[in-house]
Structures are given as structure tokens and as C-alpha cells.
Amino acid sequence: MIYTLTLNPSVDYIIELSEVNLGELNRTERTSKFAGGKGINVSKVLQRMGVESKALGFVGGFTGSYIKDQLKTEAIQTDFVEVEEDTRINVKVKALDETELNAAGPTISEEKLAELKQKISKLTSDDLLVLAGSIPSTLPANTYEELVKICSENDVSFVVDAEGDLLKKVLPHNPFLIKPNHHELGDLFNTTITTAEDVIPYGKKLLELGAQNVIVSLAGDGAVFINQHETIISTVPKGEVKSSVGAGDSMVAGFLAKYKETQDLKEAFRYSIASGSATAFSIGLCTKEKVESLLEQVVLK
């Protein structure tokens, strides 16, 4: 079973209007809301590709209930830890400019963190855990390290989609897959990366630090896959980018879905690229049909 972990999920509330007049009454033209969070996005895309997963993390209050209910309607299993305070609401205002207002999230006690650790300790070598996104401010900065140590002790494969120190500190525990973009990779090594060729030496350094497989995305300029056996550079499909939200999460889900089916890392990488592009070319997350319609445009070398 694939498990996804979102430590600080949200109800994302989207407000659309032609113009925002500060200090005045504004009337919205359209609103929508959905369960948000990087791990939750991975579970949603996996479900659309016919792969079961179970969403873990912390939820609370009426907003936490909304997240559980929405995932249930999408036939996604959940096993959240319940906390006392409400799950956060993130507001995204789409007008002439796009503005985001992200809340901090609920307080998470040591007892609730211990409850999550207990859930993760029950995973086995047949399972895989996806850790995605940031750590809430009320949790210790080394929370990811503590969780992947539990995975390592129980021979549980894990994927990390995070940046900066969060990513660097889990590398010694040998993640199955990490997926920084070229900006995040450059920040890790205090350099600027602009081409696929620039990626390769630094991607190999991530292998030396402990990663098993590395995908580095370069937005419209392609992507690179690196492990101990091969380095692959990929093109990306051409299309109109409508929203980059969830594209990286879709890449992770696409990779895992295809790898689970075929055990072929190269095909998984190819499917990952198509999945990220399909989401970028859509409003909302990709569908399996959209992904497969883009596959022939993904050329590997």
C-alpha cells in the first residue's frame, strides 16, 4: 500500500473576481473549495490512475471533517490523527494578480505526534510512504528525520518531496525517490542551474548523499532522472500552462503509479513527466486520459 503524509493540510478556498479594490466591498464572481496539501494531491492523482493509497496527517474541527468527507467521496482511504484545533483554511484570490493567504495551521501536541509515529511504525516492507510539503511551526524541525528513521528501521521505502534542509537531512536514510526542481537543487548547493546538463553533476551528488532515484524538473525546459545506473534527460510536452499548482505532486504520483504497474524506472519517469504536464495544462489535477494523451510527446535520451 502507498501511504501519503500531509502534516499541515488545508481547505483551499478559491475566490475569483475581475479586480480587487482594497478597503471596499468586493463581490466574487466564482468560488470553489477543495482539500489541499501536497500529500493529499498525490493520493488524488493516484486514485485517478487506479492506484489505492491511504492519506495520513493531522486534521481537526469542521475543516478537518470537510477534508475527510471530500476524500471519502473520491474513494480515498484516510487514517488521520485528530487534533483539537481546526485545520487551516488557505485563501487564494484570483484577480488581475493572484494573491495567496495561507494560515499557520493547528497546534500539534507531542502526544498527537506520537500517535502519528505509532501509525507509521505499523507500516511494513510491502508499503511505501510519501512525505510531502512543509512541517507545521508547532512541530519539531526534525520531524521528517524522525519519521524516516522509523521507515528505515522497518524497511519501508519512502519518497520525500520537500526542499532545503528538510530534504538534505533525510538523504542519509536513503529515500527511494526525491524530486527537487532546478531552483531547489541550486539552492541546496548554492549555485544556479538553468539547463539539464547543469543538473547532472549536482544530481549525482544527491546520490552520493543517499538518494536512490532523483528527478529534477526544469519547468518547460525538460527534466532529468538520475540513479546509480543511468542518467536520462527528458523533453516535456508542449501546451498552455493554466496552473502549476499540483504539477510536482502529479509527477510523484505518476511515477509511483507507473512503477507499481511495471517496475520499470524509465517508463515511470516518462509517465511522471506527462503527469506533471497534464496538471499544468489543466485547471485542477490531471486525469489518466489527459496524461496518456501527452505520453508520445515525452522523448527520453
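Guide: Leu256 sits in helix H8. The model shown here is predicted.

Visitor: Is Leu256 buried or exposed?

Guide: Leu256 is buried, because its relative accessibility is 4% and the cut-off for buried is under 20%.

Visitor: Which residues does Leu256 touch, leaving out those up to four places away in sequence?

Guide: Leu256 touches Ile2, Leu46, Leu128, Val130, Val159 and Phe176. Leu116, for comparison, is 140 residues from Leu256 in sequence, and the two C-alpha atoms are 23 Å apart in space.

Visitor: How are two packed helices described?

Guide: Two values are used: the angle between the helix axes and the distance between those axes. Here, take helix H1, residues 38–48, and helix H8, residues 247–262. Their axes come within 8 Å and cross at roughly 45 degrees. That angle makes H1 oblique to H8. The crossing of H1 past H8 is right-handed.

Visitor: Which residues of H1 and H8 meet?

Guide: From H1 come Lys38, Asn41, Val42, Val45 and Leu46. From H8 come Asp249, Ser250, Val252, Ala253, Leu256 and Ala257. The residues of this contact divide into 7 nonpolar, 2 polar and 2 charged.

Visitor: Next, the aromatic rings. How many aromatic pairs does the structure hold?

Guide: There are 6 aromatic pairs in the structure. One of them joins Phe176 and Tyr259; the rings are 5.4 Å apart, centre to centre, with 45 degrees between the planes, and the pair is tilted.

Visitor: Where in the chain do Phe176 and Tyr259 lie?

Guide: Phe176 is in the loop between helix H5 (164–170) and strand S11 (177–178), while Tyr259 is in helix H8. The two are 83 residues apart, and their pair links distant parts of the chain. Phe176 counts as buried because its relative accessible area is 11%, and the limit for that class is under 20%.

Visitor: What is the geometry of the pair formed by Phe225 and Phe269?

Guide: That pair is tilted, with 5.6 Å from centre to centre and 35 degrees between the planes. Phe225 belongs to strand S13 (residues 223–227) and Phe269 to helix H9 (residues 265–280), so the pair ties together parts 44 residues apart in sequence. Both Phe225 and Phe269 are buried.

Visitor: Which residues form one aromatic cluster?

Guide: The cluster consists of Phe176, Phe225, Phe255, Tyr259 and Phe269.

Methods. Residues numbered from 1 in each chain as written. Predicted model: local features only at pLDDT ≥ 70, side-chain atom pairs only at ≥ 80, totals over all residues. Heavy atoms only, no water. Axes fitted to C-alpha atoms, helices over the stretch in contact; angles between N-to-C directions. Helix = DSSP H or I, 4+ residues; strand = E, 2+ residues; numbered from the N terminus. Parallel < 35°, antiparallel > 145°, perpendicular 65-115°, else oblique. Left-handed = near helix turned anticlockwise from the far one by under 90°. Contact = heavy atoms within 4.5 Å. Nonpolar A, V, L, I, M, F, W, Y, C, P; charged D, E, K, R; others polar. Phe/Tyr/Trp six-rings, centres within 6.5 Å; stacked < 30°, edge-to-face > 60°. Buried < 20%, exposed > 50% of the residue type's maximum accessible area, 1.4 Å probe, protein only.
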